[in-house]
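Reader: Hi, I've just got this one open on my screen. Could you take me through it helix by helix and sheet by sheet?

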Amino acid sequence: MQLPLILRKLFRRRIVLAAAITLVVVVLVSVFAGPLSGLDPSETAVSQRLSYPSVSHWLGTDELGRDLFARIAFGGRYSLTIALLTAVGSIVAGTLFGLIAGFFRRLDAPVSRVVDAMMSFPDILLAIALVGILGPSMLNVVFALVLVYTPRVARVVRASTLVVRELLFVEAARAVGVSTLGILWRHILPNLMSPILVQASFIFAYAILAEAALSFLGVGVPPEIPTWGTMVAGSQQYAHQALWIVLFPGLAIILTALSLQLLGDGIRDLLDPRLRKSM
Amino acid sequence: MNRLEVRKLSTFFDTDEGLIRSVADVSFNIRAGKTTAIVGESGSGKSVTSLTLMRLLPRTASTQVSGQALFVNRAGQTLDLLTLPEPRMRAIRGNEVAMIFQEPMTSLNPVFTIGEQIAESLRLHKGLDRAAAMAQALRMLELVEIPAAAQRVREYPHQLSGGMRQRVMIALAMACDPTLLIADEPTTALDVTIQAQILALMRRLQAETGMSILFITHNLGVVAHHADDVAVMYAGRIVEAAPVNDLFARPQHPYTQGLLACLPGQQRKRVQTVDGKRRLYAIRGQVSSPLAPPPGCAFEPRCDKAVAACREAMPALRTDDAGGSARCILVPEAASV
């Protein structure tokens, strides 16, 4: 199938199209944060603190007079980067462990028990504990979240590997003389792309929420780095005076996470129509 | 010259219910450029035999294999397929010994084009680069008479019919010009007209390349037309082995006789009409469980000619003057007639 055809099928549902457009806008605003806002996100102006949204400050200013739009735009860079790294990291690690557990029967039990043990912790609690031990930094947040989401991916990949492994073409590939590594890499992995792709989009969404939650709880990214989470966390005590300073970063989180989820749903429905849920 | 000499091959599966002897003491030869067919009903161990020879038994099963499978490769060396180290076995699979399977619908990888899948084997064994392998893949598709091969080579398995896919599987198996082709019920999943085409194709390729074929099937009609030597398996053992003409003309073992009598065309010749109706002959009963084999001959509970001595011990495979052999205590008398 050609790419335009796939996209047309994917976007046949308007809500998936809307989600994709929202994501593109969020990414573009984050990437071109500087030229778009023309302001420094850390430049304080105490005289203009907590000002309403206006022509000079599109979304108003926060408690230190920093431009909220600039901060959300720059914050998007950090939030999206953290989420992207988390998604990539946990997909790579989870796929590796899932393939190993699903393909090599001897390694199934050890890997699966570790995965089960890790999944029995509440996600956010495990992440809090990890960042608490490692110390707050962007990389540590990514590391903690990768550790939290890897078992999730591993479980899905293992289940799919168990199915694909038994298909006749795997045996046929062996009969052609393909090595075990070659069978895993060239014959099994490509057949797992749809569940992996769907997991990637969901984990991207979870990671944005989790980063925000960690930052809000004070165990995430250091407060001087503007992410959507640190913005909500830092401004919460001013919320009753100036609702917008928590509303807008919060909206950014909700819109991005929701769009990612919807896109993930759309991709899953496209790849596996049997799982389609009525929206 | 024998391409493959299988000697006393046994395959056991260690299951929770006990040790199951799926293939027991199987010996047969495949002559160079000739076709040996293994015939038997479901569960007789014929597929396990082929998988054992390819060392493709599922790694999940705890299997034990004994015996020898002496294979003469292109260079004239004799190798025991059962004890060869895995890397050397991998170099033989798909290269010297190729295999085609019963289910053409599922034996191709759905996410690659058929050209890429044929090319993979060529790149693996012949060291061709991508472009050369794809060009050779196209020639292979033309060899197996796939129409519009230039277009098909870029298509995915789901775009092909069952017969076309089996042709692709044959092209894939033939890609490295193997000396032995193991065909495990290659036509069972296809409809009859396609079956005939595929069999004709395999014959043509055998005539052109001089490869040997191990043909696993339960279809006696196919055996009669396409095999040179036949081994009949029952409950994991070879019960009769003979050149194809002898086997069909003078079946020795009661099981072989029963199988032939089951064929509608044969029945008219062999079985007289009973109370005015022509009934198709059927071998009564069913295959005994491998967990509780009968004490004597495995076929004894179903055999019309069984005598008391049959219940005492498994008869040995006895060779007669014509070069055939049968595992039945009644055979020597029959052979001396």
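This is a predicted model: local features need pLDDT of at least 70, side-chain atom pairs count only at pLDDT 80 or more; totals for chains, interfaces and linings use all residues.

Reader: At what angle do the axes of helix H2 and helix H12 of chain A cross?
Author: Helix H2 (residues 14-31) of chain A and helix H12 (residues 244-271) of chain A cross at roughly 135°, and their axes come within 8 Å. The two are therefore oblique to each other. Oblique is what remains after roughly parallel (under 35 degrees), roughly antiparallel (over 145) and roughly perpendicular (65 to 115).

Reader: Which residues of H2(A) and H12(A) make the contact?
Author: H2(A) brings A:Ile15, A:Val16, A:Ala19, A:Ala20, A:Thr22, A:Leu23 and A:Val26. From H12(A) come A:Leu255, A:Thr256, A:Ser259, A:Leu260, A:Leu262, A:Leu263 and A:Gly266. Contact means that C-beta atoms, placed from the backbone, lie within 7 Å.

Reader: And how many of the residues in that contact are nonpolar, polar or charged?
Author: The contact of H2(A) with H12(A) has 10 nonpolar, four polar and no charged residues. Ala, Val, Leu, Ile, Met, Phe, Trp, Tyr, Cys and Pro count as nonpolar, Asp, Glu, Lys and Arg as charged, and the others, Gly among them, as polar.

Reader: How do helix H6 and helix H10 of chain A pack?
Author: Helix H6 (residues 123-134) of chain A and helix H10 (residues 193-216) of chain A meet at an angle of about 55°, with their axes 11 Å apart. H6(A) and H10(A) are therefore oblique too. In this contact, H6(A) supplies A:Asp123, A:Ile124, A:Ala127, A:Ile128 and A:Val131, and H10(A) supplies A:Ala210, A:Ala213 and A:Leu214. By class, that makes seven nonpolar, no polar and one charged. Axes are lines fitted to C-alpha atoms, for helices over the stretch in contact, and angles run from 0 to 180 degrees between N-to-C directions.

Reader: How many helices and strands are there in chain A?
Author: Chain A has 12 helices and zero strands, whereas chain B has 12 helices and 12 strands. Helices (H or I, at least four residues) and strands (E, at least two) are DSSP runs, numbered from the N terminus. Along the principal axes, the C-alpha atoms of chain A fill a box of roughly 75 × 45 × 30 Å, and those of chain B a box of roughly 65 × 50 × 40 Å.

Reader: How many residues does each chain put into the contact between them?
Author: Chain A gives 15 residues and chain B gives 22. Helix H8 (residues 168-176) of chain A contributes the most on the chain A side, with seven residues. That side has eight nonpolar, four polar and three charged residues.

Reader: On to chain B. In what order do the four strands of its open sheet run?
Author: The order is S2-S1-S4-S5 (chain B), and the pairing is antiparallel. The edge strands are S2 and strand S5 (78-80) of chain B, each pairing on one side only. From one strand to the next, the twist averages 5°. Helix H1 (residues 46-54) of chain B packs on this sheet, touching S1, S2 and S4 of chain B, and its direction makes about 75° with that of S2(B).

Reader: How many bridges join S1 to S2 of chain B?
Author: Strand S1 (residues 2-15) and strand S2 (residues 18-31) of chain B share 10 bridges, and two strands pair if DSSP finds at least two bridges between them. They form a hairpin with two residues between them, and B:Glu5 stands opposite B:Asn29 in S2(B). S1(B) also runs antiparallel to strand S4 (residues 63-72) of chain B, joined by eight bridges. B:Arg7 faces B:Gln68 in S4(B). S4(B) and S5(B) have three bridges, with B:Leu70 partnered by B:Asp80.

Reader: And what order do the eight strands of the other open sheet follow?
Author: That sheet goes S6-S7-S8-S3-S9-S10-S12-S11 (chain B), with mixed pairing. Strand S6 (97-100) and strand S11 (318-319) of chain B are at the edges with a single partner strand each, so one side of each lacks a neighbour in the sheet. Two bridges join strand S10 (residues 237-243) of chain B to strand S12 (residues 325-326) of chain B, and B:Ala241 has B:Ser325 as its bridge partner in S12(B). Helix H6 (residues 162-174) of chain B lies across S6 and strand S7 (180-184) of chain B, running at about 170° to S6(B).

How values were computed. Residues are numbered from 1 along each chain as its sequence is written. Chains are lettered from A and ligands numbered from 1 in the order in which they are written. Two residues are in contact if their C-beta atoms, placed from the backbone, lie within 7 Å.
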